Amino acid sequence: MPRDSSATKARLLDAAFTEFAAYGIAGARVDRIAEAAGANKRLIYVYFGNKEQLFDEVLQRALTAGAESVPFDVEDLPGYAGAIFDHLVARPDLMRLRLWKLLERPSATGLEKDAFRGKAAEVAEAQQRGELAQEMEPADLLTMVLAAAQAWFWAADGAGPEEVSQSWPQERLALHRSAVVEAARRMSEPKTAGA
């Protein structure tokens with residue numbers, strides 16, 4: 001019976017995501033990835049090249065899934081920030097993967113740059129139409145909205161992303177989500193005359 005290479009690749013990518021989120025690129029071990037995926041270690045090199053290329057594939061897959069799960073809405077930046085917060089609460093391992101990426105590979109990938117530039121261009125157009133605050137440059141406004149959505153995972157009583165989503169009561173999560181949405185609203189709301 002022929003083997004299903006797409007299923008094996010998917011298992012390897014899932015196992016690699018878990019490994020990279022836990023240990024970063026330097027600490028990840030291809031032996032553990034292969035074992036967790038129930039695959040031969042050699043297949044990692046056959047399918048992905050090396051550990052760094054595997055990380056790139058995992059990161060791209062996570063970014064694509066995130067963009068599909070939380071579509072960008074320039075007309076509702078506060079809602080977008082809230083949706084990012086919800087997504088990270090549901091998937092704290094995404095934040096850990098992002099942190100490792102920032103530590104070990106601080107420069108943005110092509111996909112990250114392209115996605116950010118596209119969103120910043122939409123923000124600029126909305127600013128020109130008077131729909132968003134114009135005090136900040138488009139890229140700065142977008143950065144601040146994204147930062148507000150992620151801030152609770154950086155400074156939550158010294159807790160990591162998993163601790164926030166697993167141990168915080170729903171009321172506390174709702175309060176923080178509300179604060180994220182309000183911060184994004186205040187940053188992005190156009191100033192009215194006389195205000």
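This is a predicted model: local features need pLDDT of at least 70, side-chain atom pairs count only at pLDDT 80 or more; totals for chains, interfaces and linings use all residues.
Read from the N terminus, that gives a plain α-α-α-α-α-α-α-α-α-α run. Of the 195 residues in the chain, 37% are buried. As for how the chain meets itself, take the contacts between residues at least 6 apart in sequence: 66% of those join residues at least 24 apart.

Now to the helix pair. Two packed helices are described by the angle between their axes and the distance between the axes. Look at helix 8 (residues 138–154) and helix 10 (residues 170–188): their axes are 9 Å apart, and the packing angle is about 170 degrees. Anything over 145 degrees counts as roughly antiparallel, so helix 8 and helix 10 are roughly antiparallel to each other. Which residues make the contact? On the helix 8 side you'll find L141, M144, V145, A148, A149 and W152. Helix 10 brings H176, A179, V180, A183, A184, M187 and S188.

On to the aromatics. Searching the whole structure turns up three aromatic pairs. One of them is F20 with F55, an edge-to-face pair with 5.0 Å from centre to centre and 90 degrees between the planes. This pair ties together distant parts of the chain, since F20 belongs to helix 1 (residues 5–27) and F55 to helix 4 (residues 51–69), 35 residues apart.

Another pair is made by Y47 and F48. Here the ring centres are 6.2 Å apart and the planes meet at 80 degrees; with planes over 60 degrees apart counting as edge-to-face, that's the label this pair gets. What about burial for these two? Y47 has a relative accessible area of 26%, so Y47 is partly exposed. F48, at 12%, is buried, because the cut-off for buried is under 20%.

One last stop involves a ring and a charge. Find Y23, then look for R32: the charged end of R32 sits over the Y23 ring, 4.2 Å from the ring's centre.

How values were computed
Residues are numbered from 1 along each chain as its sequence is written. Side-chain values use heavy atoms; hydrogens and water are left out. Axes are lines fitted to C-alpha atoms, for helices over the stretch in contact, and angles run from 0 to 180 degrees between N-to-C directions. Helices (H or I, at least four residues) and strands (E, at least two) are DSSP runs, numbered from the N terminus. Angles under 35 degrees count as roughly parallel, over 145 as roughly antiparallel, 65 to 115 as roughly perpendicular and the rest as oblique. Contact means heavy atoms within 4.5 Å. Rings of Phe, Tyr and Trp (its six-membered ring) pair if their centres lie within 6.5 Å; planes under 30 degrees apart count as stacked, over 60 as edge-to-face and the rest as tilted. Buried means under 20% relative accessible area, exposed over 50%, partly exposed in between (1.4 Å probe, protein chains only). A charge sits over a ring if NZ of Lys or CZ of Arg is within 6 Å of the ring centre and within 35 degrees of the ring normal.
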